[in-house]
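Please read the briefing below alongside the sequence and the coordinates. The lead sentences come before the points, which are grouped by topic.

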Amino acid sequence: MSVDVIVCVKTNPDLQMIRIKDRQPVLEAIPYKVGDLEKNALEAAMQLRDAAGGGTVTALTVAEGDRKVKETIKEALAMGADEAAIVSDPALVGADPAAVAQALAAAVKKIGTYDLLLFGEGSTDNYTGQVGARVAELLGLPQIGYARKISVTTDGVQCERSMDDMIETLAAPLPAVVTVVSEINEPRIPSLMNIMKAGKKPLQEWTPADLGLDAAALAPQRQIVSNLAEEQDRKHILFEGTAAEQADAFVNALLNEGVLGR
Amino acid sequence: MEKVDCIVVGGGLAGLSAAYGLASAGLEVMVLERGDYAGAKNVTGGRLYVSPIRELYPELWAEAPFERAVAREWITMMGDGAHTTFEVAADRFAGETPQSYTVLRARLDQWLAEKAGEKGAMVVPKMKVDELLRREGRVIGIRAGDDEIGADVTVIAEGVLGLLASGAGLRAEPAERDHAVGFKEVIELPPATIEDRWHLNPGEGAAHLFMGAVTKGMLGGGFLYTNKESISLGLVVGMAALKQDPDQGKCFSLLDEFKEMPQIRPLVAGGTVAEYSAHAIAEGGIAQVPRLYGDGYVLAGDTAGLSLNALVTVRGMDFAIASGYHAAQAVLAAKKAGDCSAAGLAGYEQSLRQSFVLKDLETARHIPRIIENPRLFTHYPQAVSRLLESVFTIGPQPSRRLVKTLWRGVRKDFLNVATLKDAWQMRKL
Amino acid sequence: MEIDAKLGLDVFKLDKEPHIVVKNEICSTVCVNRACLYVCPADLYELDDQHRIVVNWEGCLECGTCLICCDARALEWTYPRGEFGVQYRMS
């Protein structure tokens with residue numbers, strides 16, 4: 001059999017590279033990359049394709065602002081996705097999860113044939129964790145969240161997920177939406193040869209109009225008013241004396257603060 | 001094996017300059033850079049002298065993301081209990097076509113990578129080259145991970161350590177006598193504060209070097225360059241001297257002691273440290289420049305040992321860009337002639353010999369050995385400061401005539417066997 | 001400012017495997033000066049309780065000073081793989 005998978009990918013700022021200055025993240029000149037959890041989803045998709053012995057992995061993204069999306073999505077192609085598609089429009093700058101889900105759902109319809117839609121459980125930047133579920137709703141598909149193992153047979157998809165004190169196995173008919181957690185796999189690092197090939201793979205670019213959507217209707221319904229690093233007051237308590245005395249004083253201080261013995 | 005016209009190992013200024021030239025002429029060129037982006041692994045002091053390279057890619061420099069045009073040169077000689085600072089400003093330093101700019105590499109190299117990309121070069125970041133592929137002595141391409149890619153010519157611009165080139169026997173391994181370690185902090189300060197502290201008009205910059213007590217007598221010195229909204233403050237110490245002297249304490253702590261010195265503290269006051277970095281620097285001069293080309297390859301930038309510490313001027317990035325330019329021209333000529341052997345690439349070294357790169361290194365041939373003299377970093381900064389201190393001192397006893405004071409100081413500190421010997425050596429500077 | 005605090009300002013992307021390996025059998029027999037303990041600008045080298053040299057390679061600035069200063073050639077030293085190691089944002 002063959003499996004066609006669409007992986008919905010968000011391009012995120014490389015969070016590790018962000019500096020905080022005056023409590024604000026410095027986003028100027030920050031590199032963008034395919035989100036970490038989306039890399040897990042891509043890896044899972046490629047493993048399913050390869051295990052099935054055929055099929056297509058398509059990386060689909062919505063350009064939320066000027067995120068060098070065309071460059072960044074090539075990372076997905078270099079990892080081994082077969083095709084890529086981008087939905088972009090100035091109206092999508094700062095798009096909220098509802099709008100992103102609408103654009104993705106319309107693009108998925110446009111692509112047409114697929115067995116599985118994969119998402120990361122959330123994006124590494126805003127982490128709303130909503131988009132996968134919203135797309136499933138818009139397309140009327142079954143959805144399984146937080147999968148740490150996926151297998152596909154002709155009967156459908158089977159996923160395992162960890163529920164803290166138990167392991168749950170769920171099954172759904174195809175096509176289905178699955179969101180994955182990071183422990184599902186170790187995403188591969190693109191090889192030089194695959195990076196060279198990535199530039200030649202098919203890359204579709206659509207506007208909302210191409211997908212029959214009204215761009216104005218996708219405008220964000222909410223704004224980020226402020227984004228400040230948390231401020232923490234430090235107690236600046238210095239314990240002196242022997243090691244034993246310091247340990248006692250330290251434990252007492254923790255008890256007094258209500259950190260211990262709750 | 002997949003093949004391209006030219007592979008450039010290393011997306012620093014030398015490699016990107018070569019790639020820009022090659023791609024502009026329509027060659028298929030691939031730059032492999034191990035950092036997340038060009039500039040991610042690079043460190044400069046830093047100042048780039050643009051006047052030597054302005055004519056090489058004249059279209060580029062007007063839009064380059066430089067920090068500040070250096071309008072003032074400061075030098076501080078530090079002794080015990082006294083120090084002397086010279087501040088030199090000249091119209092030609094800045095003005096219409098400034099001779100040098102302060103730079104930060106993450107910004108500058110990314111920009112040059114974009115420019116090379118616009119010309120058609122394929123710049124691949126996050127990609128480390130593991131090996132130079134050789135067949136019968138000829139460099140035929142590279143291996144990165146499990147992938148091998150062939151090239152007619154490989155431009156090796158992998159940086160100062162030259163691990164690939166020395167691994168393949170194309171140059172010697174780096175030796176401690178010829179290298180220094182530079183380490184610095186980038187310290188954020190408001191632009192107006194920077195301009196106040198170094199007497200600058202808005203947008204202008206300063207370069208400030210420190211000699212003497214900062215390195216505790218070891219070969220090297222302190223540097224401070226003003227960026228737009230930060231300063232780069234650091235030290236350079238010769239590795240041989242550093243290693244010889246375990247009593248001087250741990251290398252990194254010198255920078256903290258430097259920052260605490262009363263001459264420096266007010267300059268960095270109120271600043272926020274934003275980054276800490278370190279890098280090796282080739283300081284051996286022309287004597288350690290290896291053979292620059294061979295069958296299927298050329299060496300460029302730091303890998304070729306193209307840098308020069310002449311005490312008051314410290315250069316490397318202009319050499320890197322120029323060597324990349326000349327490497328590109330030589331590769332283009334070799335490709336045109338259909339001969340990428342050593343004979344076909346020999347034009348590279350010829351053009352570097354005719355350019356400022358090897359000419360300036362030749363002129364400075366004796367500097368690396370002269371500056372091994374520890375008195376340069378102990379006695380002289382102290383003596384200059386002591387001399388000037390005596391001129392400005394009024395004590396309880398009646399003063400001497402100025403000339404007498406000066407003469408006493410000069411005779412004591414500058415006219416003895418050791419200093420005359422030094423002067424004889426320094427005639428080669 | 002503590003050296004650890006300075007390194008805390010830098011971005012390090014950590015690989016699973018170290019890119020520097022100390023061959024202590026050489027350190028304990030050939031090396032006379034243990035220069036790595038004081039030349040490293042990130043202060044990454046230290047002695048463990050059995051007087052073996054250990055390197056905290058995670059904070060490596062990739063300058064190569066230790067490599068150049070190691071006469072005994074006791075270091076297996078490569079650059080980290082692509083995607084890993086220090087990533088300067090200014091410098």
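Predicted model: local features only at pLDDT ≥ 70, side-chain atom pairs only at ≥ 80, totals over all residues.

Residues are numbered from 1 along each chain as its sequence is written, chains are lettered from A and ligands numbered from 1 in the order in which they are written, and side-chain values use heavy atoms, with hydrogens and water left out.

**Chain A as a whole**

- Chain A contains six helices and 14 strands, where helices (H or I, at least four residues) and strands (E, at least two) are DSSP runs numbered from the N terminus.
- The C-alpha trace of chain A spans about 70 × 40 × 40 Å along its principal axes, and 44% of the 262 residues of the chain count as buried; buried means under 20% relative accessible area, exposed over 50%, and partly exposed in between (1.4 Å probe, protein chains only).
- Among the contacts in chain A with a separation of 6 or more, 74% come from residues 24 or more positions apart, a contact being heavy atoms within 4.5 Å.

- A nonpolar surface patch of about 310 Å² is formed by A:Val251, A:Leu255, A:Val259 and A:Leu260. Patches are made of residues with over 30% relative accessible area and no salt bridge, with like charges joined within 9 Å and nonpolar side chains (Val, Leu, Ile, Met, Phe, Trp, Tyr) within 5 Å; a salt bridge is a side-chain nitrogen of Lys or Arg within 4 Å of a carboxyl oxygen of Asp or Glu.
- A:Leu255 belongs to helix α6 (residues 243–256) of chain A and is partly exposed, at a relative accessible area of 43%.

**Aromatic pairs**

- Over all chains the structure holds ten aromatic pairs, where rings of Phe, Tyr and Trp (its six-membered ring) pair if their centres lie within 6.5 Å, and planes under 30 degrees apart count as stacked, over 60 as edge-to-face and the rest as tilted.
- One of these pairs joins A:Phe239 and A:Phe250 edge-to-face, at 5.9 Å centre to centre and 65° between the planes. A:Phe239 lies in the loop between β14 (203–206) and α6 of chain A and A:Phe250 in helix α6 of chain A, so the pair ties together parts that are eleven residues apart in sequence.
- A:Phe239 is partly exposed at 24% relative accessibility, and A:Phe250 is partly exposed with a relative accessible area of 43%.
- In chain B, B:Phe210 and B:Phe258 form an edge-to-face pair, 5.1 Å centre to centre with 75° between the planes. The pair links distant parts of the chain, with B:Phe210 in strand β12 (residues 204–212) and B:Phe258 in helix α6 (residues 253–260) of chain B, 48 residues apart.
- Both B:Phe210 and B:Phe258 are buried. Helix α6(B) is largely enclosed by the rest of the structure, because six of its eight residues are buried, including B:Leu254, B:Leu255 and B:Phe258.
- B:Tyr20, B:Tyr57 and B:Tyr325 are linked into a cluster by ring pairs.

**Charges over rings in chain B**

- The charged end of B:Arg291 sits over the ring of B:Tyr293, 4.8 Å from its centre, and that of B:Arg427 sits over the ring of B:Trp424, 3.8 Å from its centre. A charge sits over a ring if NZ of Lys or CZ of Arg is within 6 Å of the ring centre and within 35 degrees of the ring normal.

**Backbone geometry**

- The peptide bond from A:Leu174 to A:Pro175 is cis, with omega near -10°, and A:Pro175 lies in the loop between β12 (167–172) and β13 (176–180) of chain A.
- The peptide bond from B:Gly45 to B:Gly46 is also cis, with omega near 10°.
- C:Glu62 has a positive phi, near 65°, in a residue other than glycine, and C:Glu62 is buried, with a relative accessible area of 4%.

How values were computed:
Areas by Shrake-Rupley, 256 points an atom, 1.4 Å probe, with all protein chains shown as cover.
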